Amino acid sequence: MKIDLSNLIKAEAAEQELHIELPDKSFNDGSEDIVILEPVVFDGKLSLLENVFFLDGKCTIKLELTCYRCLEKFNYDLKIDIHEKLTNDSENKDDELILIDSGSLDITDILLNNIFVSLPMKRLCSKNCKGLCQYCGTNLNISTCNCDKEDIDPRLSKLKMFSTD
């Protein structure tokens, strides 16, 4: 979604209130396709001060992620505070500024990048997720299995004869 910056650039307004809803879609974070279950909502403001645009606000989103332990899909609510600095001055060498090429701002990429970096590194459906049985693949959150879970390193198997069981 593009936002027209011409009013701010011409100094007709020092600030512009924003309420944006991006449609549902999915994106890939490099490890999985992430489904957006509800529209991304951004409420905030865009202001201009000395040739630097400030984008500040809150973004809420509901995603469908895959649990890393049990591989089940689960819903994940995410609330992000967004604070970005942008400029249309190509001479500005500040590394923290995002360069805008034209008189409009494509806010979709900024929101998706913030969502991407806010995703948890370890995605779990719950803190107590038991995962899958490493032998038969049974989801241990749902049922139990009868697999022999005695896992002995073959290099240490001779020590088993010293056991007092």
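A search of the whole of this predicted model finds 4 salt bridges.

**Stop 1: Glu32 and Arg123**

Select Glu32 and Arg123 and display their side chains, which meet in a salt bridge with an N to O distance of 2.8 Å. Glu32 belongs to the loop between β3 (26-28) and β4 (33-36), whereas Arg123 belongs to the segment after α2, so this pair ties together parts that are 91 residues apart in sequence. Are the two partners buried or exposed? Glu32 has a relative accessible area of 10% and is therefore buried, the limit for that class being under 20%. Arg123, with a relative accessible area of 5%, is buried as well.

**Stop 2: strands β6 and β7**

Next, select Lys58 and Asp81. These residues form a salt bridge in which the closest N and O atoms are 2.5 Å apart. Lys58 is part of strand β6 (residues 52-66) and Asp81 is part of strand β7 (residues 73-87), so the bridge ties together parts that are 23 residues apart in sequence. With a relative accessible area of 52%, Lys58 is exposed; Asp81, at 47%, is partly exposed.

Asp77 counts as exposed at 55% relative accessibility, while Lys62 is partly exposed, with a relative accessible area of 23%.

**Stop 3: Lys2 in strand β1**

Move to Lys2, which is found in strand β1 (residues 2-4). This residue counts as exposed, at 60% relative accessibility. Which residues does Lys2 touch, not counting those up to four places away in sequence? Select Ser104, Leu105 and Asp106 to see them. Then draw a distance from the C-alpha atom of Lys2 to that of Gly103: the two residues are 101 residues apart in sequence, but 9.8 Å apart in space.

**Stop 4: helix α2**

Now select residues 107-118, which make up α2. At 1.5 Å a residue, the 12 residues of this helix should span 16 Å, and the 17 Å between its end C-alpha atoms agrees with that expectation. Colour the buried residues of α2: Ile107, Thr108, Ile110, Leu111, Leu112, Asn114 and Ile115. When viewing the helix along its axis, recall that an α-helix has 3.6 residues a turn, so residues three or four places apart point the same way.

**Stop 5: Asn139**

Continue into the segment after α2 and select Asn139. The residue is buried, with a relative accessible area of 10%. Which residues is Asn139 in contact with, leaving aside its neighbours within four places in sequence? Display Cys70, Glu72, Gly131 and Leu132 around Asn139 to see these contacts.

**Stop 6: a nonpolar surface patch**

Finish by showing the surface and selecting Leu156, Leu159, Met161 and Phe162. Together these residues form a nonpolar patch on the surface, with about 490 Å² of accessible area. Centre the view on Leu156, which is found in the segment after α2. At 48% relative accessibility, Leu156 counts as partly exposed.

Notes:
Residues are numbered from 1 along each chain as its sequence is written. This is a predicted model: local features need pLDDT of at least 70, side-chain atom pairs count only at pLDDT 80 or more; totals for chains, interfaces and linings use all residues. Side-chain values use heavy atoms; hydrogens and water are left out. Helices (H or I, at least four residues) and strands (E, at least two) are DSSP runs, numbered from the N terminus. Buried means under 20% relative accessible area, exposed over 50%, partly exposed in between (1.4 Å probe, protein chains only). Contact means heavy atoms within 4.5 Å. The expected span of a helix is 1.5 Å times one less than its number of residues. Patches are made of residues with over 30% relative accessible area and no salt bridge: like charges are joined within 9 Å, nonpolar side chains (Val, Leu, Ile, Met, Phe, Trp, Tyr) within 5 Å. Accessible areas come from the Shrake-Rupley method with a 1.4 Å probe; for residues, only the protein chains shown count as cover.
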